[in-house]
Amino acid sequence: MKFRTHIMTAAAVTAGGILLHEEITQGGGIEGWEAWTNWVGFHTPNFLTGNGEEGGFWGVIDYALALLVASIGGLFPDIDHKNSYISNKLHFSTAWFMKHRGPTHTIYMYLGMIGFYWYATSFGTVHFSGFDFSGRAEVNYLPLIGEFLFWLGIGSLLHIFGDMHTTSGVRIFGARMRAYRTLPSFLIFSTGGGKESIFMFLYTALFLYSVLGHFEGLGLFTGLFS
Ligand SMILES: [Zn+2]
């Protein structure tokens, strides 16, 4: 997949997961589903607001940060390719000691990141307890790092999920295990083909639906559509 498709896949499914979580937890609850999104850990992005507030200026910033970090995660595993978008941006690649679609395309590190989020939030979720007059913030760093790693891990897993749309599949459990693909063979494509454009279109639609749904849930469009 091209880097744009990876960014869109990660941003769209992350936004979709957040929206699903919101709809389920606020819409009276759907048994089973609620447990599922809680288990995965989709939650109201919590970088700066600390209290899980969705609305307001900081709620919007938090939401944007989550999608931004997940999008970076959507590029991260290709750091093992010396000509990938992210390697070019960072002027760094692990290609000299790792083969492409090797260790950075397994799920372990990213599950660890998500696990760290659970660990970190057991120390509280208040990241910023406010600014004092000198402009310094009191920051609870551990949950903040946990929050960052959570969305990075989600985005990275979605990169692997995206690569699993391609012909070669991905060895998500490691080199000695089999390669998995997400889709039936008639939907599988090789990078840059016409089918990839179709997926780009579908993920863009999911992204717009999810972001608009999120803001609609905040009451942004109240009056526009009623
Ligand atoms: Zn990749």
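Begin by selecting residues 3–26 and residues 141–163 in this predicted model. These are helix α1 and helix α6, which pack with their axes 9 Å apart at an angle of about 120°. The two helices are therefore oblique to each other, and the crossing of α1 and α6 is right-handed.

Next, display the side chains at this crossing. On α1, select T5, H6, T9, A10, V13 and T14; on α6, select I154, G155, L158, H159 and G162, which they meet. By class, the residues of this contact comprise four nonpolar and seven polar, with no charged residue.

**Along helix α6**

Keep α6 selected and follow the helix from end to end. Its 23 residues reach 33 Å from the first C-alpha to the last, close to the 33 Å expected at 1.5 Å a residue. How much of α6 is covered? Mostly covered is the description that applies to α6, since 18 of its 23 residues are buried.

**On to helix α3**

Now select residues 56–73, which form helix α3. This helix has 18 residues, and the distance from its first C-alpha to its last is 26 Å, close to the 26 Å expected at 1.5 Å a residue. Colour its buried residues: D62, Y63, A66, L67, V69, A70, S71 and G73. What covers them?

**The crossing of α1 and α3**

Return to α1 and show α3 with it. The axes of these two helices come within 8 Å and cross at roughly 140°. That angle makes α1 oblique to α3. The crossing of α1 and α3 is right-handed.

For the contact itself, select I7, A10, A11, T14 and A15 in α1, which meet A66, L67, A70, S71 and G73 in α3. Seven nonpolar and three polar residues make up this contact, and no charged residue takes part. A10 and T14 of α1 deserve a separate selection: they are among the residues that meet α6, and they are also among those that meet α3. On the α3 side, A66, L67, A70, S71 and G73 of this contact are included in the buried residues of α3.

**The loop between α4 and α5**

Move to the loop that joins α4 (85–90) to α5 (108–121), and select H91. H91 is not a glycine, yet its phi is positive, about 55°. Is H91 buried or exposed? There are 6 C-beta neighbours inside 10 Å, so H91 counts as exposed.

Then select R101, which also lies in the loop between α4 and α5. R101 likewise is a residue other than glycine with a positive phi, near 55°. Is R101 buried or exposed? With 22 C-beta neighbours inside 10 Å, R101 counts as buried.

**The whole chain**

Seven helices and two strands make up its secondary structure. Followed along the sequence, the elements have the order α-α-α-α-α-β-β-α-α. Colour the chain by burial: of its 226 residues, 32% are buried.

Notes: Residues numbered from 1 in each chain as written. Predicted model: local features only at pLDDT ≥ 70, side-chain atom pairs only at ≥ 80, totals over all residues. Axes fitted to C-alpha atoms, helices over the stretch in contact; angles between N-to-C directions. Helix = DSSP H or I, 4+ residues; strand = E, 2+ residues; numbered from the N terminus. Parallel < 35°, antiparallel > 145°, perpendicular 65-115°, else oblique. Left-handed = near helix turned anticlockwise from the far one by under 90°. Contact = placed C-beta atoms within 7 Å. Nonpolar A, V, L, I, M, F, W, Y, C, P; charged D, E, K, R; others polar. Buried ≥ 20, exposed ≤ 12 C-beta atoms within 10 Å, placed from the backbone. Expected span 1.5 Å × (residues − 1).
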